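Hello,

Here is the structure I promised to pass on to you. Have a look at it first, and my notes follow below.

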Amino acid sequence: MSPTLPPAIVWFRQDLRLADNPALAHAVESGRPVIPLFVLDDLTPGEWKPGGASRWWLHHSLAALRDGLARLGAPLVLRRGPADVVVGKLAAETGAALVTWNRNYDPASIERDSRLKAELQKSSVEAVSCNGNLLNEPWTVLAGAGNPYKVFTPYYKAVLARTKAGEPRPAPDRLAAPAASPESDTLEEWGLLPTKPDWAGGMRAFWKPGEPGALERLERFLSEACEGYAQGRNIPGMDGTSRLSPHLHFGELSPRQVWHAAMGLLARDKRPSCRENVESFLREIIWREFSHGLLYHFPHLPDRPLNPRFEDFPWQPDPKLMAAWKRGRTGYPIVDAGMRQLWETGWMHNRVRMIVGSLLVKHLLQPWQAGERWFWDTLVDADLANNSAGWQWIAGCGADAAPYFRVFNPVLQGEKFDPDGRYVRRWVPELARLPDKYVHAPWTAPPMVLSGAGVVLGKTYPAPVVEHGKGRERALAAFAQVKAGA
Ligand code: FAD
């Protein structure tokens, strides 16, 4: 490393880690002094800026990255503004000869990065983008005739056949910084944390954002994964899933690290049950890849239905119904538990995401984009690809989607996946004293049972916003209009 060479800028984005970071590794291998940079581009107009929960996570993840980089000898530079302009300016200011970053796959990033690459090259600055965020980039896994996959199972098989995640790279031992450090904002002045009011208490108790927390979580999950992920992943009352989603979204660990660690576990533990559980987990990692591929190939995924028949779906937007859903006051305990878990912790169990989503778009006939927006603002793992693919799947208009006419019954879903009511009791404490038999349908409980449990329907807990049978019929009638119009 020569501190006299023109420096390399490593532009961190959704790859807030030191280990297995190809953009960072490329800069280090160039032998140039390294300037690590993060740009907050939240003031220029544009859609899908990070929501409140994501901003909270970002603050803590950047703090961890900043501390890790400082230990290696290269201070993190924080700048705010339109990202491509800021990167170009810093390159000019520092005389950088190289800028590296790991690719994102959403349309706005692709457009901006291509523009920046061209601008940098015009100024004779080398721009190198790498794959740090996916096992396989979207254009490398294609179906017959070079078309993107729209059905998951063949995509899954193709990915299994081709994925060979090699040994992840370790974090560098140290980094050479240029003689003079560029000016930097402080993280605190960005005001990413909520203050008035501070609603993040539940999230602080639940999460440890940043690379060290991500690696701990992976290790802990894999030490237990062999014991029942395949079944446990559907039970929201259990801590049965990895909770790696925000760590993966912010790139605090790479899917390669996850894949490699899971494969290592399979090599050590030959029990068929372990294979079943670990394969079931890797299947979800491949759903993540599938969703990113969908966003890349169908850039309108966050806004418009993949199935154009749904363009004219007769949604019935209703602010009151939206408010009841957001606040966890629909009168369906499993739905309300999920919405309150989301509000408190910034995360919701996958099974419950499907149940709350289904109620919103089917029983309540609210557009899936409205649910998608709420999740965007409240999830710590809010991810443009996974969120929009998830909502389109629920609404029946996405790739490999559940058919619209399959309407979840929220009571049966609760009874099946939360049979002892543990999840509902945890998040809807006003129902905690109801016997198991009624905890998913309090309105069916005899008055004596309700009063014994301290429940007054319509007062301490709402009656259902719509009766299931009626909601289902309305949804099917709306769907019939789409079919008729097709
Ligand atoms: P695990 O079961 O441990 O899975 C491991 C990893 O696989 C996850 O961390 C995630 O990266 C990936 N994964 C799991 N399930 C899916 C899936 N269905 N689609 C794509 N990737 C998946 N996931 C997000 O990361 N961000 C979102 O904004 C998001 N929005 C969603 C919205 C809806 C309506 C639905 C139905 C699902 C959504 N998901 C989203 C997918 C899924 O619910 C979460 O990834 C999962 O609950 C995260 O918990 P976990 O890390 O414990 O998952």
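Is A382 buried or exposed? A382 is buried, because 23 other C-beta atoms lie within 10 Å. I call a residue buried if 20 or more other C-beta atoms lie within 10 Å of its own, exposed if 12 or fewer, and partly exposed in between, with C-beta atoms placed from the backbone.

Before the rest, two notes on the conventions. This is a predicted model, in which local features need pLDDT of at least 70 and side-chain atom pairs count only at pLDDT 80 or more, while totals for chains, interfaces and linings use all residues. Residues are numbered from 1 along each chain as its sequence is written.

Now the overall picture. The protein chain has 21 helices and 5 strands (DSSP runs numbered from the N terminus: H or I of at least four residues for helices, E of at least two for strands). Its C-alpha trace spans about 80 × 50 × 50 Å along the principal axes. Buried residues account for 47% of the 486 residues.

Back to A382, which sits in the loop between α15 (368-378) and α16 (384-395). Apart from neighbours within four places in sequence, A382 is in contact with G51, A53, S54, F375, W376 and N387; contact here means C-beta atoms, placed from the backbone, within 7 Å.

A382 is also one of the positions that UniProt, in an unreviewed entry, lists as "binding site", together with Y229, T241, S242, R243, L244, S245, F281, D381 and D383. The UniProt positions are in the numbering used here, with feature names shortened, and annotations may be inferred rather than shown by experiment. These positions span 155 residues in sequence and the farthest two C-alpha atoms are 22.9 Å apart, so they do not all gather at one spot.

Beyond its neighbours within four places in sequence, its contacts are R217, L218, F221 and V258.

Finally, the ligand. It is surrounded by 27 residues, of which T241, S242, N350, N387 and G390 are the closest (the cut-off is a C-beta atom, placed from the backbone, within 6 Å). The elements giving two or more residues to this shell are α9, α11 (272-297), α14 (350-363) and α16.

Enjoy exploring!

Best wishes

Technical notes. Contact = placed C-beta atoms within 7 Å.
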